[in-house]
Amino acid sequence: MAAAKKRGLGRGLGALMGGLETEEVTIEQDEQAKEEPKAETTKTGKSNKSKTEPVNLSGVQEIDINLLSPDKSQPRKNFDEEALSELAESIKEFGVIQPLLVQKKEDYYQIIAGERRFRAAMKAGLKKLPALIKEYNPQETLEVSLIENIQRENLDPIEEAQAYQRLSEEYKLTQEEIAGKVGKSRPVVANALRLLNLDPQVRNMVAEGRLSTGHAKVLLGVENKELGLMLASKCAADGWSVRQLEKAVEAARKVSAEPETNKKEDPLKRAEALAIARVEEEMQKLFGTKVQIIAGKKKGKIEIEYYSEDELERVLALLRSLGA
């Protein structure tokens with residue numbers, strides 16, 4: 001293979017796949033799929049000595065599904081089984097409209113882009129899949145797989161960050177170079193890489209979708225790892241918003257600044273108490289009367305005091321105006 005010219009991978013996979021579209025067929029795209037013709041395929045000739053020998057490296061071919069194998073080093077590790085089942089049902093009805101991108105190994109084809117379609121096709125019971133055969137070096141393989149997943153938003157934030165880290169450490173690419181290849185800004189790449197500084201348990205919560213990248217960025221500012229893990233667990237369990245987590249972190253910082261005599265209480269409970277006290281103060285300013293928040297394990301309640309019928313009417317009028 002001649003020395004490969006540097007590709008503008010940030011432009012997308014279309015250029016790498018000979019201008020073919022890169023959208024997968026999903027249940028929501030079924031109506032469009034009915035009108036869209038399938039990509040033309042070329043079956044392997046009978047005279048081939050090897051079952052894996054391609055007829056034409058530049059065209060789309062149908063390949064025996066048993067000869068296809070995922071790339072174990074590809075960025076994406078987690079696949080939503082429910083989404084795969086939905087895609088499998090679509091494939092049963094319309095087939096695989098978008099070819100996979102593969103490269104030939106000794107006795108099989110390694111999947112560079114399209115593992116999700118491959119897995120869904122197996123669920124659907126397909127025997128052959130359309131594929132475009134290309135040749136890539138290890139760095140290009142990682143880049144193309146990363147771009148394909150990013151464009152489809154298939155990677156969780158941690159998988160994406162780990163892929164950037166591999167490009168940086170294994171291939172010595174700068175953040176600027178990585179950003180150019182994947183079509184993102186350098187700060188986006190830098191912020192993604194910062195997620196790898198999180199406690200491993202917190203990283204798992206982000207990967208599983210229990211915490212967002214917004215939550216993760218807030219937790220990166222918590223120096224005490226034990227406190228950060230406690231806050232992350234509480235946030236994930238109670239479904240805190242990013243703003244609620246910010247308040248809890250701020251309250252925890254105040255606790256750490258208090259005299260030692262006040263730190264005997266559980267720091268997380270103390271932080272929660274300070275956060276609740278702050279909300280009470282805001283509500284008291286809003287309603288002009290005493291407000292008490294009583295927190296429970298699963299639910300809480302808010303008590304708004306009044307001292308006359310006129311004051312009750314004033315509070316009710318204020319509540320109505322807030323709901324208008």
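Mentor: Lysine 123 counts as partly exposed, at 41% relative accessibility. Here buried means under 20% relative accessible area, exposed over 50% and partly exposed in between, with a 1.4 Å probe and protein chains only. This is a predicted model, where local features need pLDDT of at least 70, side-chain atom pairs count only at pLDDT 80 or more, and totals for chains, interfaces and linings use all residues. Residues are numbered from 1 along each chain as its sequence is written, and side-chain values use heavy atoms, leaving out hydrogens and water.

Trainee: Which side chain does lysine 123 meet in a salt bridge?

Mentor: Glutamate 81, at 3.4 Å, N to O. Glutamate 81 is in helix α3 (residues 81–94) and lysine 123 is in helix α4, so their pairing ties together parts 42 residues apart in sequence. A salt bridge needs a side-chain nitrogen of Lys or Arg within 4 Å of a carboxyl oxygen of Asp or Glu. Helices (H or I, at least four residues) and strands (E, at least two) are DSSP runs, numbered from the N terminus.

Trainee: What about glutamate 208?

Mentor: Glutamate 208 forms a salt bridge with arginine 210, with 3.5 Å between the closest N and O atoms. Glutamate 208 is exposed at 54% relative accessibility, while arginine 210 is partly exposed at 46%.

Trainee: Back to α4. How many of its residues are buried?

Mentor: 7 of its 10 residues, so α4 is mostly covered. Among the buried ones are Glu115, Arg116, Arg117 and Phe118. Just after α4, glycine 125 takes a positive phi of about 85°.

Trainee: Which ring does the charged end of arginine 119 sit over?

Mentor: The ring of phenylalanine 79, at 4.1 Å from its centre. The rule asks for NZ of Lys or CZ of Arg within 6 Å of the ring centre and within 35 degrees of the ring normal.

Trainee: New topic: how many cavities are there of 30 Å³ or more?

Mentor: The count is 2. On a 1 Å grid over the protein atoms alone, a cavity is a set of points where a 1.4 Å probe fits but cannot get out; a pocket is an open set with protein on both sides within 12 Å along at least five of seven lines, and lining residues have an atom within 4 Å of a point. The largest cavity has a volume of about 80 Å³. Its lining has 14 residues, with Gln74, Gly114, Glu115, Glu148 and Asn149 nearest the centre. The elements giving two or more residues to that lining are β4 (109–113), α4 (115–124) and α5 (138–151).

Trainee: And how much space lies in the largest pocket?

Mentor: About 850 Å³. The largest pocket is lined by 24 residues, and Asp238, Trp240, Glu272, Ile276 and Ala295 lie nearest its centre. Elements giving two or more residues to this lining include α11 (225–238), α13 (267–287) and β6 (291–294). The biggest share comes from α13, with 7 residues.

How values were computed:
Points joined across faces, edges and corners; volume = space filled by probe spheres on them.
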